[in-house]
Structures are given as C-alpha cells and as structure tokens.
Amino acid sequence: MQARSVSGGIHFHEAGGGRGDRPAAHPTPRQLPADVSRFVNRTAELDQLDAVLTGEDGDRLVVSVCVIAGTAGAGKTSLALRWAHQVKDRFPDGQLYVNLRGYDPGEPVDAQEALHRFLTALGVPSPSVPHDPDAAAALYRSLLADRRALVFLDNAATVGQVRPLLPGSAGCLVIVTSRNRLSGLAVRDGARRLTLGTLPEPEAVALLRAVTTGYRPEDDADKLAELARLCARLPLALRIAAERATSNPHLRLDDLIDQLRDESALWDALSTGEEESEAVRTVFAWSYRSLPPRAARLFRLLGLHPGPEFGLHAAASLAGLSPTVARQLLDSLVGAHLLEQTAPDRYQFHDLLRAYATEQARQEEPQAERDAALRRVLEWYLHTADAAQSHLSPAEDHLPLAPPVEGVTPLTFFDYDAAADWAERDHANVLRAARAAAEHDLLAWQLAAVLWNAQPPSAPLTEWLEVGRAGLEAAGRLGDRSAEALLLTDLGMACTRVNRLAESLESHREALRIWRGLGDRTGEAHSLNLIGLICLRRRQLDKAARHFEEAIAAFEELGAAHWLATARSNLAGTHFRAGRLSEATRAIEQALAGHRSLDNRRGEGNLLRLLSDVRREEGRTEEALSSATEALEIALSLRDHRLEGFWLLALGDAQRAGGQLSEALTSYQRSATLHRRLGDRSREALAWSGAGKTYRLLQRPEDAAHFHRQAAAAHRELGDAWHEALALDGLATALGDDDPQAARRHRADALSLVAAFDDPRAAAFRERLEALPTERD
C-alpha cells in the first residue's frame, strides 16, 4: 500500500492497515452560546431557515451555507442562535462557534485565528495547528469530511474571513451573520441569503411585552408602539429599552418615552440620516445616562480595554476598583443589557456598545484619566503574566519590575495548571496589551519579555515574534542595552524553533556582544549556550562543544545550578551526536542529578530522552523504552507539545528497536504531525526517516522509500547535509535490489555530503558507505 502526500502532509499507515492523519480521539464540540431568553417572533424567518434542511433521514442539505444579513442591531445573532439551538440535534457531530468581530473597533478575528480555535475544539493540540493558513484550512476540511456539524460564523465582515472556514462537505451547515451581503458566497459557494430588516410594529411590541411582563404593570399597547418606533423597531435597541423599563417598574411609560424622545432630539443635530443607526445610538445614550455615576464610569473605561472580552480582575484594575465593587458594577451593566457575561467573571461587549463606550471615554474622561486607566490595565497584565511565569518558566529570572501602580491587584497562581489555564484564556489579551503599549516604551518591552516566559504551552510562536520585535524597538528607543540583549536572546530562541537558524545566530551574536560590553557574565553564558545549540543543530560539533564548555565554566563560576545542568545536558547531546557514548553517559548522569535535585522536570525529561538514545545504541532496548516513556509522561504533564513532539522521536526509535513496529509508527506519526504544525520541518523530517526505517523492517520497501525520499528533500531544503545523507542512505537501502542503480547513486550522494564531517560517528558512517557499491564504483 503506497503512502501518499495529501495537502502537503504525510499519511502514515500502521503495520496492519492505514490510518488517516487525524487525532485519535474525536471530541464533539458544543460551542453554541446560550439560547436567547424571551425570544419572540421572526417566525417567517425561522421558516425560511428551516427550508435549507431536508428530512430527518440525513440526506444532503439544500444548501451548505446560509448568510443572515442585516443592519446593525437587527437581531441577526439572536435569530441565528435561536434557530441553531432548534436544529442542533440534526448535527450529531457538534457545533462550532466563533465571533469574527468584523465590525469591532479593534482587530477582527482573521480566518487563521478562527481555524486555530476550531481545530483545537476538534481534538488537534493547540500548538499543533499549522501556521500556514492553507494547511490549517485543509486539515479543518479533512476533520469535518465525514461529520455532520453546524458551524456558526458570527459578525463576519468579508468573504475572506469566511471562505477558509467552510467545511466543504455536504453534511455540514455553515450559518454566517453579517451586516454586508457577502455576495461572493452566493456566487461561488452557493450560499442562501436571508436579509433581516427591522421588526414589524406588532412584533416589536411583542418583544417589549415579553421582556417586561411580570416586572411592571401591563403597559398600554399604543404607548409600547411609540416606544418601539423610537427604537426604530431594532431588537438590540428594543431589548435595552425593555430592560430600562423593567428596572423602573414604578415609572410611567409616558415618562420613559419622554426621556427617550428628549434624548432623540439631542441626537437630531448629529443625525447622518441613517434612522436605524441613530436610533441605536439614541437608546445607548438613554440607557447610559441612566446609569449610576460609578457604573457609567466603568462602562466608558471598559471601552479602553485592549480587547472586547475580559475578566473581572482586569476590569477592576482598569477602573482602579476592588474586585468586589467591580463585580457589583459589572452586574449592573449586564442587567442594563450594556454588557454580556460569557462565563463566571468573564464579560464581553457587543461591537456597537464597545465603540460607544470608547467614544464616551474620549468625550468624558480627561486624557490623563484615560492614560492612567490604560496604564493600570497594562500593568495588571504585565504583573499577572509575571506571576504566571513563576510556574510556566520557573528557571527564568524575573524582570525587576516596579510595584504596580495603585489600584492594580495582579492575580497569583497556586500551581502550574492554574497558571497555564490563565495564560491560555488571556493570551490574546496579553498580546493586545503589548500592542496597546506602543506609546509606552518601558511597558512595551517588558510585556514582550514577560510574555515570552509566560506563554501558554499551546501558543503559536509566530504571534509572539511580532510583539518581540516591537519590544526590541522600544528597548532601542529607550537606550536600554540590557533589555535589547534580553529580547535579542528571546528572538533568537524563537527563530531556532522554526528553523530560521541564520536569523537566530545573528540575534544571539548581537546579544553576546551587548552582554560582554555590559560586563554581564550571566547573559554572556546564556548566549554562549544558545549559540552552541545552533552549532549542534548544524552538526558543527567541535564548535558546539567549545561553546557549551565555555558556558559551563561561566555557570559554575556564577553558581547557577539550573543553567549549569542545562549546559551539561547540551554537551551530553554533543557527545552522543559524535558517537562518544561513554562520554555522553557520564555527562547525562551528572546533568540528570543536577536537574533532579532542582526538581526541573523539563530538564529531567530531555535527559531521559537522550539517555534513551544512548541505551538504544548500546543494545539495552528495555531501558531505552523505559526512559523514553518516562520522558514523554513529563511532556504530557507539562502540556508542552513541542517537547512531546521531540521526545516522541526517541520513543519511536526505542519501540522500533524493540520490535514494536506498529507502536513506533504511531509515535512517528504523532511527532511528524506536531512538528509540522509547530513549523519545525527539520524534526518533522526526522519523524519521516523513523517511519521509513520502520517500514523497511515491515518488508514494505515502497513505503520506506517514500518516507526517506520526503525526509531527504526536506533536509536538502534546510541545508542539513548530515540528515540528508542519512535519509539518502535509508532510501538506498529501501530501494535495494529493485533499483540498484538508483541505490548506488543515492549512496554516492550521501558519501559526498558527509565528507566534511570528521567526528567518530561520521567516520564510521563514511566507512560503511565506502564498503558498499556506489555509482562511482
């Protein structure tokens, strides 16, 4: 059975048959927000939506995409939610939901971010989502290919936000809400469009009655009709007006109408002639001006928050309030329908209300007050991320931060999981906070540096790179050389992880130059260690060893036990790469003792991975398997998929050596999938090579040749001569007697590639190749 390349990826097949490149588990996402309370009317529109469905027998849908278009505040989301809840049982494989925020005052959610959310909900580990948008969309379509799922894309502004999120399968239905017609979806994708207008007067009155019934005496129908007209019969405005009436049960409706009419007159002079938008604005102002002063102040200050969704404690710090008081005020805003509560202590704005809140802040808050509020929330994110770093990156030095300003109470975390949960939940807000700090150079570089050490294990690395570069520029403007060196170090590590080694080396060399100029021995030692790692990746083993030895001497001098053990680990890896197994074992034992004494699980797991490789080469297969399994358990406990992907290579090698061939293929598949989506093509190719070796043992030479060929091509593109030579050797062996001429050619190419390496392992490899027939013979 021939292995195939699909959408740029590789499908692995087990010893007993095939398996697709999808997660082993198939979670059923249930992402729909709660149904709208007291929903009334829109019966004709619900009937039109029902028409896109077939009978209960699971036949094809009439259409696969339905667009609900209409003016702002027309109730598009409410209608779509009501219908989605009515039909969700027809889609047994789950419901996906994302608010694309196409009209939010801040940044909209692009297709790549939405795909990241959907793929994780479908069982793909978050850091494993492909960075390439086309690859992510292809994986998304593959995972939904055999499913009947409902996909709800709320508040889309453009076709470009939507099209990558279309599953492409007949069993899935996509609901899109938008203020635009999105005609391209109808033309190219066969979408059916339902245009939502304002409510007819009887339905508008019915909505007002539904919300107010039981809270105030029954109001006169004519008066309710007048109130509905002042709200332009828009559901969003009607609900806010109804909430206002409900909260004032003893106030006559005539008085409420007079207040709203007065407010409407106030806006007449500013009218743009767009009756519906002016009506919404009028109702916002009417409701806002009725708030108690402290609630009104919190409402407008929330318009300054970097993102549309936030937690209680961030809101409290933004306004300089205690969490207890902030919760009371937030509850009042939710009760007034000016804010939505999405989870315990989590809130978000409707995009129109966020824009209105921001405008009120600019009009009513002095510049100094706005600056102070923004600074408080930025400092809250900075200090909370710093607290998370204590668990997520405990070995990294904390920045010497000044105490937070008055009114800011950062969170603290009891354990690793609590810190990781917060980091995942608020990662987008910390990124936005770092961008919002563009005019505050000190906060900009500090947020970038702290975020590097407080990223959740699931964070896509590319998101930090933009913030890191902005932080570096901010540090440069301040003339803070130490901050520049720190961010250059972080940027160098980020580039290494995505195989941009030349850029990484340039960053680390510049950092080293700065550290030496500052006389910072600790920074110098770190840069030496990190440059050594680049040399190790390039198989410049002697240079790598020299850098590690210099770093070891410096860390010993400094008494930096953690980093001393880390540098010794790296030197152990250099000895192993060179084939010096006894030296590698001694270095491993020394470094492992250091990491265990410090309870450094990451360091311990990495050495267990390396020890597994050594024991496997020594023929101690059971020990190799035990060490690799223990390492993988550590990676899983840390929720770190970068480590998991890397350490799975050692597990696969040990399983292959022990004859567990099906298990080995599973490990290589998982590793290749993780590394592909992390953007590490080098280690992805190592997984392909492992699969090729396993297929050789399974007597499946065509599959073996396929994977070795893929690995060789990837290493060639990366300029990795050593691993390309190993893959070519594997390819030659797989071809064997079937194509001896090609086998000889590949061995000759491999021999040329390893000519420049002079370590013991390379010498032994050359000797073996020279003893076999090549094209030159």
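Figure 1. Helices (H or I, at least four residues) and strands (E, at least two) are DSSP runs, numbered from the N terminus. The buried residues of α3 are A111, A114, L115, H116, F118, L119 and A121; buried means under 20% relative accessible area, exposed over 50% and partly exposed in between (1.4 Å probe, protein chains only). After α3 comes G123, with a positive phi near 105°. Residues are numbered from 1 along each chain as its sequence is written, and side-chain values use heavy atoms, with hydrogens and water left out. Because the model is predicted, local features need pLDDT of at least 70 and side-chain atom pairs count only at pLDDT 80 or more, whereas totals for chains, interfaces and linings use all residues.

**Figure 2. D110 in the loop between β6 and α3.** D110 is placed in the loop that joins β6 to α3 (111-121). D110 is partly exposed, its relative accessible area being 42%. Y381 lies 271 residues from D110 in sequence and 23 Å from D110 in space, C-alpha to C-alpha.

**Figure 3. The open parallel sheet.** Five strands form an open sheet in the order β6-β7-β8-β5-β9, with parallel pairing; two strands pair if DSSP finds at least two bridges between them. Strands of a sheet pair through backbone hydrogen bonds, either parallel or antiparallel. β6 (95-99) and β9 (192-196) stand at the edges with a single partner strand each, so one side of each has no neighbour in the sheet. From one strand to the next, the twist averages 15°.

**Figure 4. Strand β5 and its partners.** β5 is mostly covered, 6 of its 6 residues being buried. V65, V67 and A69 point one way from the strand and C66, I68 and G70 point the other way, all of them buried. β5 pairs in the parallel sense with β8 (residues 173-178) over 5 bridges, where V176 of β8 is the bridge partner of V67. β5 also pairs in the parallel sense with β9 over 5 bridges, and G70 stands opposite L196 in β9. Helix α1 (residues 43-50) lies across β5 (65-70) and β9 and runs at about 175° to β9. Axes are lines fitted to C-alpha atoms, for helices over the stretch in contact, and angles run from 0 to 180 degrees between N-to-C directions.

**Figure 5. The crossing of helices α7 and α9.** The axes of α7 (residues 201-212) and α9 (residues 235-247) come within 9 Å and cross at roughly 35°. The contact involves A204, L207, L208, V211 and T212 of α7, together with P235, L238, R239, A242, E243, A245 and T246 of α9.

**Figure 6. E524 in helix α23.** E524 belongs to helix α23 (residues 521-537). E524 is buried, with a relative accessible area of 13%. The side chains of E524 and R516 make a polar contact (3.0 Å); a polar contact is a pair of N or O atoms within 3.5 Å, and within protein one must be able to donate a hydrogen and the other to accept it, while residues adjacent in sequence count only if both atoms are side-chain atoms. Apart from neighbours within four places in sequence, E524 is in contact with L512, W515 and R516.

Technical notes:
Contact means heavy atoms within 4.5 Å.
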